[in-house]
Amino acid sequence: MKSVLFDLGNPVFKFLSTLLDLCILNILFVITSLPIFTIGAALTSVHYVMITGWDTQNMRLFAMYFKSFKENFKQSTIVWLLMVIIGAVFGYTGYLVYLQSKVDDSVLFMAFVVIFAIICFAYLCVMTYVWPIIAKFENDTKTTLKNALILAISHLPSTLVVWFMFAIAAYFIAINMLIRAFALFILLGVLFYFQTRVFRSVFAPYLEQETKRTRDDSEDATEESDSEDAIQEDGEKTDSNEEVKEEQAKEEAAEEEEREQDED
């Protein structure tokens, strides 16, 4: 019974092991988010680990997390600060819209509300996808933000599922103090885990294209290298043949001189 319980292939052991990993990731995320301005890098890192996957036996979780944190820190921080500033502006504008709605019901004002709602929707789309995109794809900031919006809209059902998960978690965190404490240790990790399963399905075709492109580039580079080696070998052979001919010519000239001297 004991050997079965602690068998690495046992479903119970796998579940408990994954739960422990999520707890560790949750704590890592909370700690690395404490300076506030590092939240973007923390979000990128946790998505990188969960989308890529990790090997519990080798304890690669820590290495993967901090590798992504270091490599994507600059871009993630810039995007995070940008999104915070835009979010603050939108939040204040939304508050003014709410106040104005009590005294203004004109068509012009309603048109403004609709436009503002569309812009806020686009903001949420970008905020949802930008971190996993930074984690898995290398692009400049402008392209990353654009791709986040395109992916969110083109995979709208998946986007709505991610938002629904976040809304459920936020609701329970808001209404219960115990759940807030629970969130510091594992709830956020569980939330990220299920959200990244959605992101994996969305990214799968693009990751396959990226892998194929990388493989093709590697094969092309190998072919070019082989071609250069072949050209170099041909050149060396040509140089060697020319040297042999020059030596033969010198020997023939020397023999001719000796023959002339003998005749004299």
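Helices here are DSSP runs of H or I with at least four residues, strands are E runs of at least two, and both are numbered from the N terminus. This is a predicted model, in which local features need pLDDT of at least 70 and side-chain atom pairs count only at pLDDT 80 or more, while totals for chains, interfaces and linings use all residues. Residues are numbered from 1 along each chain as its sequence is written, and side-chain values use heavy atoms, with hydrogens and water left out.

**Thr32 and its surroundings**
- Thr32 counts as buried because its relative accessibility is 11%; buried means under 20% relative accessible area, exposed over 50%, and partly exposed in between (1.4 Å probe, protein chains only).
- The Thr32 side chain makes a polar contact with the side chain of Tyr65 at 2.7 Å.
- A polar contact is a pair of N or O atoms within 3.5 Å; within protein, one must be able to donate a hydrogen and the other to accept it, and residues adjacent in sequence count only if both atoms are side-chain atoms.
- A polar atom of the Thr32 side chain also lies 2.7 Å from the backbone oxygen of Leu28.
- Leaving aside neighbours within four places in sequence, Thr32 is in contact (heavy atoms within 4.5 Å) with Thr38, Ala42, Tyr65, Phe66 and Phe69.

**Helix H5**
- Helix H5 takes in residues 73-101, 29 residues in all, and reaches 41 Å from its first C-alpha to its last, close to the expected 42 Å. That expected span is 1.5 Å times one less than the number of residues.
- Its buried residues are Gln75, Ser76, Thr77, Val79, Trp80, Met83 and Val97.
- These buried residues pack against helices H3 (39-52), H6 (107-136) and H7 (141-154).

**How H5 meets H7**
- The axes of H5 and H7 come within 11 Å and cross at roughly 60 degrees. That makes H5 oblique to H7; angles under 35 degrees count as roughly parallel, over 145 as roughly antiparallel, 65 to 115 as roughly perpendicular and the rest as oblique.
- Gln75, Val79 and Leu82 of H5 meet Thr141, Thr144 and Leu145 of H7.

**The whole protein**
- The protein has nine helices and zero strands.
- Of its 264 residues, 28% count as buried.
- Among contacts between residues at least 6 apart in sequence, 72% join residues at least 24 apart.

Methods
Axes are lines fitted to C-alpha atoms, for helices over the stretch in contact, and angles run from 0 to 180 degrees between N-to-C directions.
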